[in-house]
Amino acid sequence: MRPAPRVLLASCAELPGSNADDADLPEVLAELGVPAAWAPWDDPTAPFGSAELVVLRSTWDYPLRRKDFLAWCESVPALVNPARVARWNTDKTYLADLAAQGLPVVPTELVAPGEPLRCPDFEFVLKPSVGASSRGAARFAAGERDAAGAHLAALHAEDHTVLVQPYQRAVDREGETALVFLGGTFSHAFGKGAMLPDPVAAGPGPGERFGVRPDPALRRLAEDALDAAAALHRMRRSELLYARVDLVRRDDGSPLLLELELTEPSLGFRQADPEAKPRFASAVRAALRG
């Protein structure tokens, strides 16, 4: 008879056992003597209330049901990352908080429902403040006022606040860089091809993932972003079980923070070294011991 799971890894109904990137985490945790299992976050039969630890992992349907998802987060006694972090981090308006801390964030204008778009005179992106995997994001050339206005109206009709950001063309050439931290410590990094690429750009394919070794400038900004988020929530950064810091570069090569993922990011284990999953398991075991 298998022991009852001490740890539940929260997924979603569409992918109850997550995906190939981390589906074997229960086996990896078992190697450290930690019984674990997957369960969709909205499964009423899953014992989230009695688990010693519930780890937010592949809860990828939350943008469609954010209110329900956050209510569930608040109901789970031993959730990591914590519910208050999930509430803050599942709305990309958090970028304004990080910019206020002095971090170099991709310039972001927020357009609430009913507000007009001041069409930029540069290439730009519109995307909803609540969303994942570039869902609802679109890229526009300078002056594409009508197309951008129609997209804004469609997002506003779904009650989304919309982010307006200048498109960083370096992404077409080199993609984004995602730096992963486990228990507050840098673990590994991977690159991601542009999700809204220029079709003639010579760079990685849309969404393509590949291993990278980030340079010191990227590492410094990622560390600063994690420190800022921990300070905003009056936490030690080691209390954040995981974090993924997504960075891009300006044309001059300097880094910018695109997103800080603290709720349900893919952690790029398939692009990492073989010890990345054991490091994750060790961080979970440490969180169990408080």
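In which sense do β12 and strand β13 (residues 255-261) pair, and over how many bridges? The legends below concern a predicted model, and the second view gives the answer.

**View 1. Burial of strand β12 (residues 242-249) in the predicted model.** Strand β12 is mostly covered, with 8 of its 8 residues buried.

**View 2. The hairpin of β12 and β13.** The two strands pair in the antiparallel sense, over 6 bridges. Within this pairing, L247 has L257 of β13 as its bridge partner. Between the two strands of the hairpin lie 5 residues. In the turn, G253 adopts a positive phi of about 95 degrees.

**View 3. Pairing of β12 with strand β9 (residues 176-182).** Strands β9 and β12 run antiparallel and are joined by 6 bridges. L179 stands opposite V245 of β12.

View 4. A disulfide is a covalent bond between the sulfur atoms of two cysteines. With a cut-off of 2.5 Å between cysteine sulfur atoms, the count for this model is 0 disulfides. C12 counts as buried because its relative accessibility is 3%. C119 is likewise buried, at a relative accessible area of 17%; the cut-off for this class is under 20%.

How values were computed
Residues numbered from 1 in each chain as written. Predicted model: local features only at pLDDT ≥ 70, side-chain atom pairs only at ≥ 80, totals over all residues. Heavy atoms only, no water. Buried < 20%, exposed > 50% of the residue type's maximum accessible area, 1.4 Å probe, protein only. Helix = DSSP H or I, 4+ residues; strand = E, 2+ residues; numbered from the N terminus. Pairing = 2+ DSSP bridges.
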